[in-house]
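Have the 3D view open as you read.

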Amino acid sequence: MTDDGRLDMIHRLRALTVQLDLLGAEFAQKHALHPTDLRALIGLLDRERAGEIATPGWLAEHLRLNTASVTALVDRLERAGHVRRDRDSDDRRRVILRVTPAAEKLGWDFFGPLFARASAALESFSEPQLEVVREFLGSMTDAVESARSSEDTEA
């Protein structure tokens with residue numbers, strides 16, 4: 001691929017992320033959420049989908065926030081009915097964060113049409129093509145995470 005082709009791909013990816021950010025901002029505004037609240041909910045849902053436990057410490061690391069900020073964030077989400085704190089049955093000192101069914105429904109009501117359109121768009125791709133897309137998206141995610149990590153060490 002030429003440099004122009006790579007740059008075109010990067011610009012297309014950026015355009016997609018801008019559109020997704022705008023859609024997320026619309027959802028956040030409609031439901032009186034701060035953008036960080038939305039990122040927290042997405043992170044918690046992704047963690048749950050992966051079968052992993054989410055704790056306030058994990059959320060602080062995931063969002064790159066200090067513990068006081070995460071406490072305020074979780075308090076806000078809990079008051080809004082989006083998140084609940086559960087005690088770990090194995091270690092009562094540990095708090096597990098869970099997205100409520102009401103918050104999940106709110107998300108599906110808003111983002112469901114996008115998921116349906118995206119799923120329909122993927123129907124036109126073969127399984128080998130989808131594997132290339134998976135690899136591409138994984139590589140791009142790794143590149144962004146690497147850039148963010150190097151910015152942390154340079155700051």
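## Helix 2 against helix 3

Helix 2 and helix 3 lie oblique to each other, where oblique covers angles left over once those under 35 degrees (roughly parallel), over 145 (roughly antiparallel) and 65 to 115 (roughly perpendicular) are set aside. Their axes come within 11 Å and cross at roughly 120 degrees. Axes here are lines fitted to C-alpha atoms, for helices over the stretch in contact, with angles running from 0 to 180 degrees between N-to-C directions.

Which residues make the contact? Helix 2 brings Thr36, Arg39, Ala40, Gly43, Leu44 and Arg47, and helix 3 brings Trp58, Leu59, His62 and Leu63; contact means heavy atoms within 4.5 Å. By class, these residues divide into 5 nonpolar, 3 polar and 2 charged. Ala, Val, Leu, Ile, Met, Phe, Trp, Tyr, Cys and Pro count as nonpolar, Asp, Glu, Lys and Arg as charged, and the others, Gly among them, as polar.

## About the model

This is a predicted model, in which local features need pLDDT of at least 70 and side-chain atom pairs count only at pLDDT 80 or more, while totals for chains, interfaces and linings use all residues. Residues are numbered from 1 along each chain as its sequence is written, and side-chain values use heavy atoms, leaving out hydrogens and water.

## Helix 3 against helix 4

Helix 3 (residues 56–63) also meets helix 4 (residues 67–79): their axes come within 9 Å and cross at roughly 110 degrees. That makes the two helices roughly perpendicular. Pro56, Leu59, Ala60 and Leu63 of helix 3 meet Val70, Leu73 and Val74 of helix 4. This contact has 7 nonpolar residues, with no polar and no charged ones.

## Helix 1

Which residues of helix 1 are buried? They are Gly24, Phe27 and Ala28, buried meaning under 20% relative accessible area with a 1.4 Å probe, protein chains only. These buried residues pack against helix 2 (35–49) and helix 5 (101–122). Just after helix 1, alanine 32 takes a positive phi of about 55 degrees.

## The whole chain

The chain has 6 helices and 2 strands, following the pattern α-α-α-α-β-β-α-α along the sequence. Helices (H or I, at least four residues) and strands (E, at least two) are DSSP runs, numbered from the N terminus. Of the 155 residues, 22% are buried.

Key
Buried < 20%, exposed > 50% of the residue type's maximum accessible area, 1.4 Å probe, protein only.
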